[in-house]
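I opened the notebook to go through one structure, part by part. The entries below follow the order in which I looked things up.

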Amino acid sequence: PGTFHQTRLLHYGPDAIAEAAAMIKGGGVVAVASETVYGLAADATQPGAVAQVYAAKGRPAFNPLIVHVTDMAMALRLGEFDARAKALAESFWPGPLTLVVPRRAGAGIAALATAGLDTIAIRMPAHRAIRDLIAASGRPLAAPSANRSGAISPTRADHVLASLGGRIPLIVDDGPCECGVESTIVMEIDGATRVLRHGPIGVNALLATLLHAEGGAGGVDRFDPGLGSYVSRIDAPGQLASHYAPSKPLRINAIHAEHDEWMIGFGPIFGDATLSRTGNVIEAAARLFDLLHEADASPKAKIAVAPVPGDGVGTAINDRLRRAAHPGVD
Ligand code: TXA
Ligand code: MG
C-alpha cells in the first residue's frame, strides 16, 4: 500500500463519484460520506484492496468489515436472509442497520473482508455519496469507519483528513453525517436476534419489527437486547477496548466541570459546548464524535460529559461514552 503525500478532498458530485469509482475499480481505497460516519471504502471482491483498508487504518488485526450494497438483489447475492432478517431489512433499509447473516459461498467476497468467517455483515446505506459510489463502481464496498485504528470515528471530512491524511488518496466530502454514530449491528445467533452494537436504530424499534414479523409476542424471547459477546470473541484481544478513545481522560455523567476539564453539556447542563441544548438524543448522536474531537483538541487536560438518557439512540451514545471513559474495559 502506497503512502500518499497529499490526500485530495473532492466535494460530492458526478465528477467526484466518477473519480472515486475509478479508484475503487483499480483496487484503491477512498473515504466517503455515509449517514452514520465516514467510511473507508474498497472493492470487497479484491483482496488487495481490502488489505489496503487495514493498512491505511493501521488495524493490528483482521477484524471483519461491513459490506455495503445498494439494493436487496445485491444483498441476497452475498448472504442468506431468513424471515426475521428479511423483516428487519424491509423496515430499516436503506439506513443505519447492519445485518450479520450466513455468507453465501461463491459471491466473490474476499475472505479478508469477512475475516474468514462463514457469516457476513451487510448494510444498505441511505446516503447519496456512498450509494452513488457503490452504483458507479458496480461493486459491493467493504467500509469500516475512516479513522486510524483506535481513534474516534469521523463524522466530517476534516476528521478523516486529520486521521488519515497522507495515508489515503481521496475523500468524497458530503458534509457532516446525519446520524453521527456507527450503524446498529444485529445478528441471528442460535435462533435469537442479538444486538452486537447499539446504534441509531434503537432496541424498541427492532423489537417492534420482529414482533410484527413473528405475528405476535412469540418473538420477545428470541430477542437479546444486551450486547452479544460474538464481536469480542472474533475481535483481537484488547482491540475493542481502545475503540472510541480520545487521547485524554474522560469522565461521564458529570454535573459540572472541574477546572482542568473541557465540558460537553446536554439539555439543562451547559458546558464548553453542548450535545443538544434541547435535550434531543438524535441531535446529540449527530454531534457526539465532533465534540469529542473538539474536546480532544482543546487546551484542557481532561474531558467531562453530562448525563445523556439511555433510550433510543441514547443507548449507543452511552455505549460509546463508556468505552471512551474506560479504555481497557470492553
Ligand atoms: O455505520 C457503520 O457501520 C460504518 C459505516 C462506514 O457504514 N462502518 C463501521 O464499520 O462502523 P467498522 O468496521 O468500524 O465496524 C464493523 C463492526 C466490527 O465491530 C466488526 O467486528 C463487526 O462489525 N462485524 C463485521 N462482520 C461481522 C461478522 N461476520 N460477525 C460479527 N461481527 C461482525
Ligand atoms: Mg470503527
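Before sorting residues by class, I wrote down the classes: Ala, Val, Leu, Ile, Met, Phe, Trp, Tyr, Cys and Pro count as nonpolar, Asp, Glu, Lys and Arg as charged, and the others, Gly among them, as polar. I also noted that the model is predicted.

Entry 1, the ligand. I looked up the shell around ligand 1 and found 16 nonpolar, nine polar and three charged residues. Which of the 28 residues around ligand 1 come nearest? They are Thr36, Gly39, Pro64, Ala121 and Pro144. S6 gives the largest share, four residues.

Entry 2, helix H2. I looked up which residues of H2 (residues 47–57) are buried, and found Ala49, Val50, Gln52, Val53, Tyr54, Ala56 and Lys57. To read that list I recalled that an α-helix has 3.6 residues a turn, so residues three or four places apart point the same way. What do the buried residues of H2 pack against? Their partners are strand S3 (39–43), strand S7 (141–142) and helix H6 (157–164). After H2 comes Gly58, and I noted that its phi is positive, near 65°.

I checked how far S13 (residues 261–265) is covered, and five of its five residues are buried. Which residues point which way from S13? Glu261, Met263 and Gly265 point one way, Trp262 and Ile264 point the other way, and all are buried.

Next I looked for the strands that pair with S13. With S15 (residues 302–305) the pairing is parallel and runs over four bridges. In S15, Lys302 is the bridge partner of Glu261. With S14 (residues 273–274) the pairing is also parallel, over two bridges. There, Gly265 stands opposite Thr274 of S14.

I looked up the domain assignment of the protein chain, which gives domain 1 (8–173) and domain 2 (244–325). How far apart are the C-alpha centres of domain 1 and domain 2? The centres lie 28 Å apart. I then checked the contacts: six residues of domain 1 touch seven residues of domain 2. On the domain 1 side, one of these residues is nonpolar, four are polar and one is charged.

Conventions: Residues are numbered from 1 along each chain as its sequence is written. Chains are lettered from A and ligands numbered from 1 in the order in which they are written. This is a predicted model: local features need pLDDT of at least 70, side-chain atom pairs count only at pLDDT 80 or more; totals for chains, interfaces and linings use all residues. A residue is near a molecule or strand if its C-beta atom, placed from the backbone, lies within 6 Å of it. A residue is buried if 20 or more other C-beta atoms lie within 10 Å of its own, exposed if 12 or fewer, and partly exposed in between; C-beta atoms are placed from the backbone. Two strands pair if DSSP finds at least two bridges between them. Domain bounds come from an automatic or database domain assignment.
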